[in-house]
Every structure is written in C-alpha cells, then in structure tokens.
Amino acid sequence: MSEPLPPRPADVPPPRAPLTVRARLAARRLHLGTLVMVMGLSLVLGGAIGRVTAPGAEGDAHRAVEASILPVALDADGIWTSSTEGRVAVSEALIALRRDGDPELVNVHLEGWLGAYDTALVRLAAADVPPSARPVQRQFITAVTLSRDAVEVLGHAATVDDELLRRDLTTEVGRLRIRSEQLMASARASISDLEGTRTDVAPLPQLRSFTDGRQR
C-alpha cells in the first residue's frame, strides 16, 4: 500500500502572529483606546453629576437638628422661663428667694425641675442625627446641663440661713444660667452653620462678679 503524499504548500497553515501583536491588532480594529477614554469620561461625569444632584450632608444635618434637637432644647429652656400647670418657672422661685428670702417655691418644685431637665437631657442624647450634627447636639446638651446645675445650686441656696452666703449662691445660680443661655445661642448659630450660613465666632462675655451680685 502506497504512503500518503506530503501536503502541498497551500495546505500548510501559515504561522500565527505572537499574542501581543494579535492583541494590538484587535484593539485597533475595535477602537479600544477610544472606548476606554469614553468610559473614563462617563465615570468622571457621572460622579460629578451625582455629587451635584445628591442631597447635601449639611442639609440633612440641619434638618435633623431642627426636627429632633431644637424642639427638645426649647422645651428645656422653658423650664426656667415659663410656668406650667403643675410647676412654676425656676426664674420666679429665684426671685422669691433672692429678693424676699422665701424658699417655699424652691422647696416645692425643686424635684420637678430636676426631673424635667433629666428627661430633656435623655431625649437630647437619644436623638439620632447625622455625624456632622453631633457637635451641635453636644452643645445643646451642655447648655441644658448648665441650667440643671444652676437649679441644683438654687436648691442648696434655699437651705442656707446666712443672708450673705445665700446671696452669693443665688449669684452663682444667675451666672450658670447666663452661661447656659450663651451656649444655647451658640448652638443655634451652629445650626445656621450646618445650613451653610457664615456666623461670627467670638469669646463669651464675662459674667457678673460675686461682688456685683451682692449689691443687687
């Protein structure tokens, strides 16, 4: 039986080009460089548009504070300034003790004031706000705590018989309360900062001295 004839030159497959050469040719045919550039530009533009159209974190923080922090802080501030059906204002009892030496209002309402402040502080601390709003949250907590501290000093002043000492203690009550009001104002300015409004920053004013407090 005869052996098969060797293949003719036309039947022999041509040698394959190296892989890197083939990749370059394919990329050229598909315009791969242009495609990569277009995809990159799309990603950049998409990110920029997303940042412009997405709600700002500052706006979210501002709304969260106004919705869940500010109302509680204002209610707590009212403990000092406003009477309710079952409780007189702290300021009214302070005047009665300082001017007339009458501790009755303080003795009757002290526990109620402290309990109301404690409730407000728990609500302020429990409010769920974005991280950028937490410094403002802490400012309000500090302001309310100072008012509560002032009430504790007032309760002690109501137990003192010495008139000069009682006047010093009630002076300190006023000093703590003024600091609380200043911090409350500072916290409210910080709310405006969250909205993007530029507010001034300055040292807090000095408090009334004890010497001055004894004379009033």
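Which residues touch the most other members of the largest nonpolar core? Of the 46 residues in that core, they are Val 65, Trp 80, Trp 113, Phe 140, Val 151 and Leu 154. A nonpolar core here is a set of buried Ala, Val, Leu, Ile, Met, Phe, Trp, Tyr and Cys residues joined through side-chain atoms within 4.5 Å. Buried means under 20% relative accessible area, while exposed means over 50% and partly exposed lies in between, using a 1.4 Å probe and protein chains only. The elements giving two or more residues to this core are α3 (57–68), α4 (70–81), α5, α6, α7 (134–157) and α8 (163–195). Helix α7 provides the largest share, 10 residues. In soluble globular proteins, nonpolar side chains tend to be buried together.

A word on the ground rules. This is a predicted model, in which local features need pLDDT of at least 70 and side-chain atom pairs count only at pLDDT 80 or more, while totals for chains, interfaces and linings use all residues. Residues are numbered from 1 along each chain as its sequence is written, and side-chain values use heavy atoms, leaving out hydrogens and water.

**The overall plan**

The protein has 9 helices and 0 strands. Helices (H or I, at least four residues) and strands (E, at least two) are DSSP runs, numbered from the N terminus. Of the 216 residues, 31% count as buried. Among contacts with a separation of 6 or more, 71% are made by residues 24 or more positions apart; contact means heavy atoms within 4.5 Å.

**Two helix pairs**

Now compare how two pairs of helices meet. Axes are lines fitted to C-alpha atoms, for helices over the stretch in contact, and angles run from 0 to 180 degrees between N-to-C directions.

| Helix pair | Axes and angle | Residues in the contact, by class |
|---|---|---|
| α7 and α8 | 8 Å apart; about 170° | 17 nonpolar, 8 polar, 5 charged |

For these classes, Ala, Val, Leu, Ile, Met, Phe, Trp, Tyr, Cys and Pro count as nonpolar, Asp, Glu, Lys and Arg as charged, and the others, Gly among them, as polar. The crossing of α5 and α6 is left-handed, and so is that of α7 and α8. A left-handed crossing has the near helix turned anticlockwise from the far one by less than a right angle.

**A closer look at some residues**

Val 151 lies in helix α7 and is buried, with a relative accessible area of 0%. Beyond neighbours within four places in sequence, Val 151 is in contact with Trp 80, Val 90, Leu 110, Trp 113, Leu 114 and Tyr 117. Val 151 and Trp 113 are 38 residues apart in sequence, yet 7.5 Å apart in space, C-alpha to C-alpha.

Leu 154 has contacts with Val 90, Leu 94, Leu 97, Val 106, Trp 113 and Val 173, again leaving aside neighbours within four places.

Not counting residues up to four places away in sequence, Ser 190 touches Val 136 and Gln 139.
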